[in-house]
2 protein chains.
Amino acid sequence: MSEASYGRAELVVASVVGEELRSKVGEVFQKECHCIAALKNDVDSIIRASFNYVPVLHQVYDLLVKFREILAWEAALALFAIEVDESVEKAAVVPLESSKSEKKSEKKKKTTLGKGTSIVRQLLKERLSLEADASLENVMNLVRVAHYLAGAFDPKDSELDTLIGNLKEIVESNGARRLPKIPKGTRDFGKEQMAIKERAFSVIVGVFKKHGAVALDTPAFELRETLMGKYGEDSKLIYDLADQGGELCSLRYDLTVPFARYLAMNNINALKRYQIAKVYRRDNPSKGRYREFYQCDFDIAGQYELMEPDFEVVRVLTELLDELSIGDYEIKLNHRKLLDGMLEICGIPSEKFRTVCSSIDKLDKQTFEYVKKELVEDKGLTSEIAERIGDFVKKRGPPLEILSELTSEGSQFLGNSEAVVALDELKILFTALDKSKCLNRVVFDLSLARGLDYYTGVIFEAVFKGTTQVGSIAAGGRYDNLVGMFSGKAVPAVGVSLGIERVFTIMEQLEKDRNQVIRATETQVLVAILGKGLALAAELVSELWNAKIKAEFGLTKRVMNHITRAKQTGIPWMVIVGESELQDGVVKLKSIETYKEEVFQRDKIVEELQRRLGIN
Amino acid sequence: MSEASYGRAELVVASVVGEELRSKVGEVFQKECHCIAALKNDVDSIIRASFNYVPVLHQVYDLLVKFREILAWEAALALFAIEVDESVEKAAVVPLESSKSEKKSEKKKKTTLGKGTSIVRQLLKERLSLEADASLENVMNLVRVAHYLAGAFDPKDSELDTLIGNLKEIVESNGARRLPKIPKGTRDFGKEQMAIKERAFSVIVGVFKKHGAVALDTPAFELRETLMGKYGEDSKLIYDLADQGGELCSLRYDLTVPFARYLAMNNINALKRYQIAKVYRRDNPSKGRYREFYQCDFDIAGQYELMEPDFEVVRVLTELLDELSIGDYEIKLNHRKLLDGMLEICGIPSEKFRTVCSSIDKLDKQTFEYVKKELVEDKGLTSEIAERIGDFVKKRGPPLEILSELTSEGSQFLGNSEAVVALDELKILFTALDKSKCLNRVVFDLSLARGLDYYTGVIFEAVFKGTTQVGSIAAGGRYDNLVGMFSGKAVPAVGVSLGIERVFTIMEQLEKDRNQVIRATETQVLVAILGKGLALAAELVSELWNAKIKAEFGLTKRVMNHITRAKQTGIPWMVIVGESELQDGVVKLKSIETYKEEVFQRDKIVEELQRRLGIN
């Protein structure tokens, strides 16, 4: 029973039985909760001092009895609520029976309630010798059910075992009828989605390989200690594996920490690697947001000339987004040290940098007024300081222009050593990107802050351009201390992570807009046998397979079934063999596009197909 | 401290302190275990009847004190054991100090012991004001440590908090120095392994696509209920996710059950799909056997002509193994219904079919004498019946020969209806495979039984040929009831699963034997800038990237460093730009193979490279 429908059922209960009963149950429950808390304290003190256990154990026993009663009443009321809910619905639906959409929603509701519930209800009615159609709305019946359940929950009573046994039997014999589900926030990639996914991955891997990156594959789960202390508050979203003896493990949360772990573990000082793999986050799933999703990461670790790898990572990001051709985008870019310098200039103490940054980070979704309010009321800045920040973070635009503004005589940044370092680095980076003809994709944006703690230099984020804020599709930056957290030996690194799920969604939409059918297979030839001759098919189609021709075969007398199949799955050629062809030692070659049929000698067909398909 | 070194330490303890002390500790521990068991019973009875708690709580208190003492002694002894172990080692190593290999092994041992242990020891010595180099081998020191620990373990004493606080401090400040680990039974695929993996997958996907299979991707974890009741005894090897609220999930154990779940959930009646993905089993890891490993599955679900998909699945298996070219193999094949018929003929009751099959399945590793013994002594068959089975399961050989033997006049199988069905099916299958020219790969083997319950028809297993039994590398069969377990609607299916890890191992070995360097990247050109000009490099290499040339760049004055890099990573071409080239507006093109250098105008180099690399 879904939460939504339970909510409704409870409302119905409240209106029928009246508030009193429910509030009384609530009161009792509330009181017992206090007792349980008090009991816990008592038990704690026993363990400390070993005295006073007699009354405590008495209390435990009393509480258990009361608890059983409450439980029984809750159960009886729940069953009753469903029944009322159903009868209300039936009453509501009857006059609308001819309406199709209404019928549909009724059907949906029944699925939500689940077969199990009605079984429980039926079983209870049988036990209590109530009529099969006796309504629990009758309060006396309700009391009987609750009383019976209170007895059944008593461990001294064998009734519970019998009840559970009966239930188990029914549920097991019944289990097969329920349709299986998939975990919340996950999804299957069916054939059409796989076709899109494979195309996207091939583009992405192509870019990564063009830049000489090597592939890396790490386990889906890591030791829990590897992930701890890397994600700040987001750690609560990490999926843990159950403790089944042995090590404590968790599913990976991103690909950056496993990469750093890999470098540290293998004492690798330099590596340009890419990894495309699923990561796992126990977030609230929503449209386009999953608990299992792909990330495509490209990172360069090692000592290089200043900005050498930073340039390449940003360049790779532009190539990725250009070659996926999913629409216009921009790359917002900033520098962690510039951000810190800016906050210092504004007179903010360094211990507040992080919390102030997290407010600034909201500027892509909120107005400055909203953020200012937060800075003053929640973060304790003066209104004047908040305004100063506001003046800085409004700065965004073409990188070289903004840079020249920030480095012009009289700029406050020139007096801050951290900021000067950042501005020098950005100058080198922007010049390289300019020479590389992709600086036009970049926007220097002083409001970009990025959440993760481990960034130490350049940070950036790619977003789609347009009126609606669809959020970032890729992000990255420099993290010079992460590998050192594992090995104690610093290995500087910079990287980018592309969130591919949103790209899939956009690509799927583009395909739909183009009204183009996506082929899920690459089959070139359908061997259509007009009959049941498996041996005949096996011989012919195997010759095609041996000749590297992508082929399927079918056995049915009706030639139209073969043709329909070829059309539906986009197979361009058919080789048809019927009785007459068999007798003449020939086969028919049919083009689905032109519908033209040609006859070939049986022993010439493979050669002919190879020629037409360009296979040697 | 690894189990192995702990084992050794314990031996040393035993010889130094004498058996008495240890056996006494053991005795006490044994006795207390009984007490704890008895206590548990008492607590159970309290909960049942609420009486008799006073003496029980007294017992609990006494036990806790004793338990603390035992714990303290175990801890003190463990520390002591390490110390003895170390001093023994030192004594052994000193005269060999000049030997390099010995030094290496000593270093390795220290890593095994771990930094934490020495910290604990040091801390204890400080607390007890023992000299820093005071040996715990001195029994009085040992007693002092144990006594101190027994006190520290008392929750009423604040000493424990102080001790733990100190330890935490040291460990935290020390944590970074420990190298990270990877979970037991998992592995990273570094660049060389990835190159092999990608090659293998491309061959495998090529075969799957040649047969018109569509790709499917399912989540790494499924609802626990989806996996329950599908794997029999092996269910204990399933990895569960922790219960963090919400649904109970487990990591997938194979790809067959998720495939069946997908079909049932989406009401799909026919699908030819492949899936290559990692599966998870909490098995004991050993050489070449992992807890996370790849499976490559190909399955055909749906209603077809008799043996039509069975033929294609076996044919696909031969193509996979042929095209991976990893050595000679054979496919053992049998039929579940023939096996059942055989057991019926031997006079075995149907409820024993499964257990007898599991004995028969051992025939690939054990002699018939061993299996016969098991059948008679464990499974309760008469020696005569076991012999009859033995006569049958010895039959193996070329499929058509064995088939004609089993169907010749007088064959017992002709009187068994199940067996007749199986033999008819096998005849159609073998004929098709024969026409397809791959029956020579198949061995009809009546001893093949296969463990999984869900098989209903043809079963098979591919093994490497040769003297050593390396076990199966692929297996499959028909399972007509699995989808129906989810949806209640039967969808017949047949499939094969290739265990690719062993294939990787073989391919890696083959590469090694060939003494061939596996390139991890595909880079075609190294842009070698003889200096620090990032902007110069950015401009030149970006032009190459824009022209679809796979290129890397480097910034260093030393040309030899560039050349070494190109050689080591197998990059065939270098574009060199130094001061003089820059002044003349030219670049040098160097072939790593011939070492020949040519000079080109700066604006002609991209075109020239495209020509040489065959890129248009």
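This is a predicted model: local features need pLDDT of at least 70, side-chain atom pairs count only at pLDDT 80 or more; totals for chains, interfaces and linings use all residues.
**Stop 1: chain A as a whole**

Select chain A. It contains 23 helices and 16 strands, and 35% of its 616 residues count as buried. Among its contacts with a separation of 6 or more, 67% join residues 24 or more positions apart.

Colour chain A next by domain. The domain assignment gives domain 1 as 3–177, domain 2 as 189–327 + 491–518, domain 3 as 329–465 and domain 4 as 525–613. Between domain 2 of chain A and domain 4 of chain A, the C-alpha centres are 43 Å apart.

**Stop 2: the two chains together**

Show chain B beside chain A. Chain B superposes on chain A through a rotation of 179° with 0.1 Å of shift along its axis, at an RMSD of 0.4 Å. The two copies are therefore related as by a two-fold rotation axis.

Now select the residues at the contact: 80 residues come from chain A and 81 residues from chain B. On the side of chain B that touches chain A, helix H20 (residues 534–546) of chain B gives the most, with six residues. That side of chain B comprises 37 nonpolar, 17 polar and 27 charged residues. Of the interface residues of chain B, 99% are also interface residues in chain A, so the copies meet through the same surface.

**Stop 3: the nine-stranded sheet of chain B**

Nine of them form an open sheet with mixed pairing, in the order E1-E4-E5-E11-E10-E9-E6-E8-E7 (chain B). At the edges stand strand E1 (214–215) and strand E7 (396–397) of chain B; each has a single partner strand, so one side of each is left without a neighbour in the sheet.

Zoom in on strand E6 (residues 329–335) of chain B, which pairs in the parallel sense with strand E8 (residues 442–445) of chain B over three bridges. Here B:Ile331 stands opposite B:Val442 in E8(B).

**Stop 4: the corresponding strands in chain A**

Return to chain A and select strand E6 (residues 329–335) and strand E8 (residues 442–445) of chain A. These strands run parallel and are joined by three bridges, with A:Ile331 opposite A:Val442 in E8(A). Strand E7 (residues 396–397) of chain A pairs with E8(A) in the antiparallel sense over two bridges. The residue facing A:Arg396 in this pairing is A:Asp445 in E8(A).

**Stop 5: the five-stranded sheet of chain A**

Which strands form the open sheet of five, and in what order? The order is E13-E12-E14-E15-E16 (chain A), and the pairing is mixed. Strand E13 (551–555) and strand E16 (597–601) of chain A stand at the edges with a single partner strand each, so one side of each is left without a neighbour in the sheet. On average, neighbouring strands of this sheet are turned by 25° against each other, direction ignored.

Within this sheet, select strand E14 (residues 573–577) and strand E15 (residues 586–591) of chain A, an antiparallel pair with four bridges. A:Ile576 stands opposite A:Lys588 in E15(A). Then show helix H23 (residues 605–613) of chain A, which packs on the sheet and touches strand E12 (525–529), E14, E15 and E16 of chain A. The direction of H23 makes about 20° with that of E15(A).

**Stop 6: B:Ala528**

Move to chain B and select B:Ala528, which is located in strand E12 (residues 525–529) of chain B. Is B:Ala528 buried or exposed? B:Ala528 counts as buried, with 26 C-beta neighbours inside 10 Å. Leaving aside residues up to four places away in sequence, B:Ala528 touches B:Gly554, B:Val559, B:His562, B:Met574, B:Val575 and B:Ile576.

**Stop 7: two residues with positive phi**

Most residues other than glycine have a negative phi. Select B:Met307, whose phi is positive at about 70° although it is not a glycine. B:Met307 lies in the loop between strand E5 (292–301) and helix H11 (308–324) of chain B and is buried, with 26 other C-beta atoms within 10 Å.

Finally, select B:Lys437, a residue other than glycine with a positive phi near 60°. B:Lys437 is found in the loop between helix H17 (417–435) and E8 of chain B. With 15 C-beta neighbours inside 10 Å, B:Lys437 counts as partly exposed.

Definitions and conventions
Residues are numbered from 1 along each chain as its sequence is written. Chains are lettered from A and ligands numbered from 1 in the order in which they are written. Two residues are in contact if their C-beta atoms, placed from the backbone, lie within 7 Å. Ala, Val, Leu, Ile, Met, Phe, Trp, Tyr, Cys and Pro count as nonpolar, Asp, Glu, Lys and Arg as charged, and the others, Gly among them, as polar. Domain bounds come from an automatic or database domain assignment. Copies are superposed by least squares on the C-alpha atoms of residues with pLDDT of at least 70 in both. Two strands pair if DSSP finds at least two bridges between them. A residue is buried if 20 or more other C-beta atoms lie within 10 Å of its own, exposed if 12 or fewer, and partly exposed in between; C-beta atoms are placed from the backbone. Axes are lines fitted to C-alpha atoms, for helices over the stretch in contact, and angles run from 0 to 180 degrees between N-to-C directions.
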